[in-house]
Amino acid sequence: MADDTSSAVEPTVYPPSAESTARSVTPATVYDDARSDRLGYWAEQARKLHWDAPFESVLDWSRAPFAKWFADGSINVSYNCLDRHVIAGNGDRVALHWEGEPGDSRSITYAELTAEVKRAANLLTALGVRQGDRVAIYLPLIPEAVVAMLAVARIGAVHSVVFGGFSAESLRARIDDAEAKLVITADGGYRKGRISSLKPAVDAALEGSAGTVEHVLVVHRAWDDGAELAWEHGRDLWWHDEMAQVDADHEARAFEAENPLFILYTSGTTGKPKGILHTSGGYLTQASTTHRQVFDLHPESDVYWCTADIGWITGHSYVVYGPLANGATQVIYEGTPDTPHPGRWWELIQKYGVTIFYTAPTAIRSFMKAGREIPESFDLSSLRILGSVGEPINPEAWRWYRQVIGADTTPIVDTWWQTETGGIMISPLPGITATKPGAAQTPIPGITAAVVDDSGTPLEEGAGLLAITEPWPGMLRGIWGDPDRFVETYWSKFADVEGGPWYFAGDGARLDGDGDIWLLGRVDDVMNVSGHRLSTAEIESSLVDHRWVAEAAVVGASDETTGQAVVAFVIVKKRHRQTATEEGVDELRHHVASQIGAIARPRNIYIVDELPKTRSGKIMRRLLRDLAEGREVGDTTTLADTTVMQVISDSVGGD
Ligand code: PRX
């Protein structure tokens, strides 16, 4: 790294400062309280929300692993994020300081956001959207994205947000799987100084889709010069035209706590993304509780900024639902960190006086590379707490984050969780935990986890698999349309342990002598590139779909900046060998990017003659990973043909 900090003389543990302990919203006794009465603790947290009908039942686990939390209570998620704060007298508080990439900005109060969402709820109803209907949202990070999500939630419908960087084909698969009735999109959004178009991708997705979509609502964000957009009359509607025609008043009605709130697709070990289903009361309880505790939120004075896009779970739980349920003031930013200059993020922290900042290790590592003089030329003294999410943070990056961004005083919370968990599960708490660079440390109050061996026996110390040993309020309730896959993927590995079933997270972890948890990365065929989950199988099937390709194997190889990078090994059909030159490799990389999205574009593609397979025909990715990471190739004795690795290694070397 260009701008490293030496760890030899650095402390290995950073105790909380007296000041952070004094101002903590959470008392240190919280762990004991939660341990002595776990369900009572979660009930107490849930009661901080507004319930139209209070719940009696906290957890129903009688049909495990299908859980119900607060099942006899009723709640409106959108009311909790909006109206409640206005009624409490905080309508003038800014909810969103939005910053567009080109430099345009809007500050929106809770009263204004509530008014917009009420209108949008009326609009959705007018378009025939009802409780339980699915609405796909494919938008840049603009205020309308938040409005759309909260409006869908307000009428008891289910949103499926699709990251704007995903291709038309990925969007179509998600629209069809959820049988969406409506798509909300924009003409385009700003990324890296250019307009990236969205509506044309929706048009392409709907061509050849299953035909469930009745309308496409289009927010006007880009092309003030009126670029030509294809328009299907009767189907396509401008958001601003429609919003102007509906009533401004809307009373939120309550839905049962287990009413589905959203589906969010994420990559698994097969080629088909999984629609992770979350419901209302339990999810909102965990999102708001963790947001308050982990970031020590003081809503009347803090300015919070999470850099995630709403297309990911972090954007759902820690841009939309957690912060808004807590009445926080936050910054949201449409664009990329380096546009129009490499100090854009630090400039925004200075401009808005951000106190709590939450981002991913990949971003931190790329700032390290660019050099500390960039953040050092901005005033970052407002920062009080720094968070990390999405991938393991290496101790060097952790220390750099604390020293250069946090003036060597801010606590760092390294938060481990997943799309499936809905909210943070393992993290230090500022003001309470003595933090360790590189460790996510201990489960938050009310969560129980263990590091276990392959048979599910908990380890006292050492490396194993991460399991969650009791149900939690924000847990996924299923995979959309595929209950068997839900049971098989998450609950079958530790189904028979005492007190089970336990949830298998898919992550390796190490427990140290102090009982702290260190995450070691995925143990399945899921990669983590810049904190985003990608499936090896999905990229392999995209490659094989190309007419040149006979076979493909994809691995996640470690990468200094992005954590892991996609590396593909491809066998080209004999008749296309000639064409598979340098240019051919670019064509294949482009093919993957256009089929799945730019995040899936392989860093390297090696054209090889063979792939390493066991006698039963299974590809041994472990050996390919050794090659991709430039290591000595490991044990090859289980290969059907042990000379294969030499052949592959020769062709990779000569690439
Ligand atoms: O491998 C873990 C890694 O990201 C995976 C979850 O990915 P996703 O569902 O996309 O959610 C990302 C944002 C919550 C996990 O299985 N991961 C997430 N946070 C951490 C992490 N690995 C190490 N440390 C973390 N703090």
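This is a predicted model: local features need pLDDT of at least 70, side-chain atom pairs count only at pLDDT 80 or more; totals for chains, interfaces and linings use all residues.
Residues are numbered from 1 along each chain as its sequence is written, and side-chain values use heavy atoms, with hydrogens and water left out.

| Residue and its atom | Ligand atom | Distance |
|---|---|---|
| Thr 415, backbone N or O | nitrogen | 2.8 Å |
| Asn 528, side-chain N or O | oxygen | 3.4 Å |

The protein buries 96% of the 540 Å² that the ligand exposes when taken alone, with accessible areas from the Shrake-Rupley method and a 1.4 Å probe (for residues, only the protein chains shown count as cover). Around the ligand are 17 residues, of which Asp 414, Thr 415, Thr 419, Asp 507 and Arg 522 come nearest; a residue is near when one of its heavy atoms lies within 4 Å. By class, this shell holds 6 nonpolar, 6 polar and 5 charged residues. Here Ala, Val, Leu, Ile, Met, Phe, Trp, Tyr, Cys and Pro count as nonpolar, Asp, Glu, Lys and Arg as charged, and the others, Gly among them, as polar. At least two shell residues come from each of α12 (313–325), β20 (412–415) and β25 (517–522). Helices (H or I, at least four residues) and strands (E, at least two) are DSSP runs, numbered from the N terminus.

Now to the domains. The protein is divided into domain 1 (47–336) and domain 2 (530–653), with bounds from an automatic or database domain assignment. Their centres, taken over C-alpha atoms, are 37 Å apart. In contact (heavy atoms within 4.5 Å) are 14 residues of domain 1 and 13 residues of domain 2. Between them the domains bury about 1,000 Å², 48% of it on carbon and sulfur atoms; buried area is the accessible area (1.4 Å probe) that two parts lose on being put together, summed over both.

A few backbone details are worth a look too. The peptide bond from Ala 64 to Pro 65 is cis, with omega near 5 degrees, and Pro 65 belongs to the loop between β1 (59–63) and β2 (66–69). Phe 70, in the loop between β2 and β3 (74–75), has a positive phi of about 55 degrees although it is not a glycine.

Definitions and conventions
A polar contact is a pair of N or O atoms within 3.5 Å; within protein, one must be able to donate a hydrogen and the other to accept it, and residues adjacent in sequence count only if both atoms are side-chain atoms.
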